[in-house]
Amino acid sequence: MVPFDTNLNNFSYCEILLAIFREYSIDFVYTATGIFRRTVPPVCPECGTQMNYNGYNTYDKRGLGSVKIGRYICPSCNKTCEEERSFWG
């Protein structure tokens with residue numbers, strides 16, 4: 001199960017968040033600022049170097065809301081990637 005930070009802003013959505021993120025491992029976190037990302041950045045698929053956090057991309061669904069998906073950049077080859085977001089598909 002994905003650990004996520006709760007605060008007074010998102011506590012009321014705890015059950016919804018648990019239902020959405022239940023299938024993800026503990027390698028992921030839903031931060032207090034609403035970003036879904038890995039607790040430890042992945043390694044670059046091109047060169048094998050551990051990537052760095054590089055902000056997030058926001059995806060909206062009309063009438064439902066939005067989600068912030070963490071993105072990463074490789075410090076060696078500058079390749080970028082982001083978390084898989086099929087749960088929002």
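Mentor: Start with a side chain over a ring. R85 lies over the face of Y59, at 3.9 Å from the ring centre. Keep in mind that the model is predicted.

Trainee: What makes R85 count as lying over the face of Y59?

Mentor: Distance is one part of the test. The limit is 6 Å from CZ of Arg to the ring centre, and R85 is at 3.9 Å. The other part is direction, within 35 degrees of the ring normal. R85 is listed as lying over the face of Y59, so it passes the rule for a charge over a ring.

Trainee: Which residue lies over the face of Y53?

Mentor: R37 does, at 4.1 Å from the ring centre. That value is also within the 6 Å limit.

Trainee: Where is Y53, and what does it touch?

Mentor: Y53 sits in strand 3. Leaving out residues up to four places away in sequence, it touches R37, R38, T39, V40, P41, R71 and Y72. Its C-alpha is 9.9 Å from that of T80, 27 residues apart along the chain.

Trainee: How many aromatic pairs does the rule give?

Mentor: The count is 1 aromatic pair. Its members are Y53 and Y72.

Trainee: Why is the pair of Y53 and Y72 called tilted?

Mentor: Check the centres, then the planes. The centres are 5.8 Å apart, and the limit for a pair is 6.5 Å. The planes are 40 degrees apart. Stacked needs under 30 degrees and edge-to-face needs over 60.

Trainee: What does the pair tie together?

Mentor: Y53 lies in strand 3 and Y72 in strand 4, so the pair ties together parts that are 19 residues apart in sequence.

Trainee: Are Y53 and Y72 buried or partly exposed?

Mentor: One of each. Y72 has a relative accessible area of 1%. Buried means under 20%, so Y72 is buried. Y53 has 35%. That value falls between 20% and 50%, so Y53 is partly exposed.

Trainee: How do you know whether P41 is buried or exposed?

Mentor: Its relative accessible area is 13%. The cut-off is under 20%, so P41 is buried. P41 lies in the loop between strand 2 and strand 3. Beyond neighbours within four places in sequence, it contacts Q50, M51, Y53 and Y72. P41 and M51 are 10 residues apart in sequence, with 5.7 Å between their C-alpha atoms.

Trainee: Where is C47, and which residues does it touch?

Mentor: C47 is in the loop between strand 2 (35-38) and strand 3 (52-61). It touches C74, S76 and C77, not counting residues up to four places away in sequence. C47 and K79 are 32 residues apart in sequence and 9.1 Å apart in space, C-alpha to C-alpha.

Trainee: Are C47 and C74 buried or partly exposed?

Mentor: C74 is at 1% relative accessibility, so it counts as buried. C47 has 39%, so it is partly exposed.

Trainee: What makes N78 stand out?

Mentor: Most residues other than glycine have a negative phi. N78 is not a glycine, yet its phi is positive, about 65 degrees. N78 is found in the loop between strand 4 and strand 5 (80-82). At 54% relative accessibility, past the mark of over 50%, N78 counts as exposed.

Trainee: Which residues make up the largest nonpolar core?

Mentor: There are 7 residues: F28, Y30, F36, V67, I69, F87 and W88. Strand 1 (28-30) and strand 4 (65-73) each supply at least two residues of this core.

Trainee: What pattern does the chain follow along the sequence?

Mentor: The pattern is α-β-β-β-β-β. That is 1 helix and 5 strands. Of the 89 residues, 30% count as buried.

Terms used: Residues numbered from 1 in each chain as written. Predicted model: local features only at pLDDT ≥ 70, side-chain atom pairs only at ≥ 80, totals over all residues. Heavy atoms only, no water. Core = buried A, V, L, I, M, F, W, Y, C linked by side-chain atoms within 4.5 Å. Buried < 20%, exposed > 50% of the residue type's maximum accessible area, 1.4 Å probe, protein only. Helix = DSSP H or I, 4+ residues; strand = E, 2+ residues; numbered from the N terminus. Contact = heavy atoms within 4.5 Å. Phe/Tyr/Trp six-rings, centres within 6.5 Å; stacked < 30°, edge-to-face > 60°.
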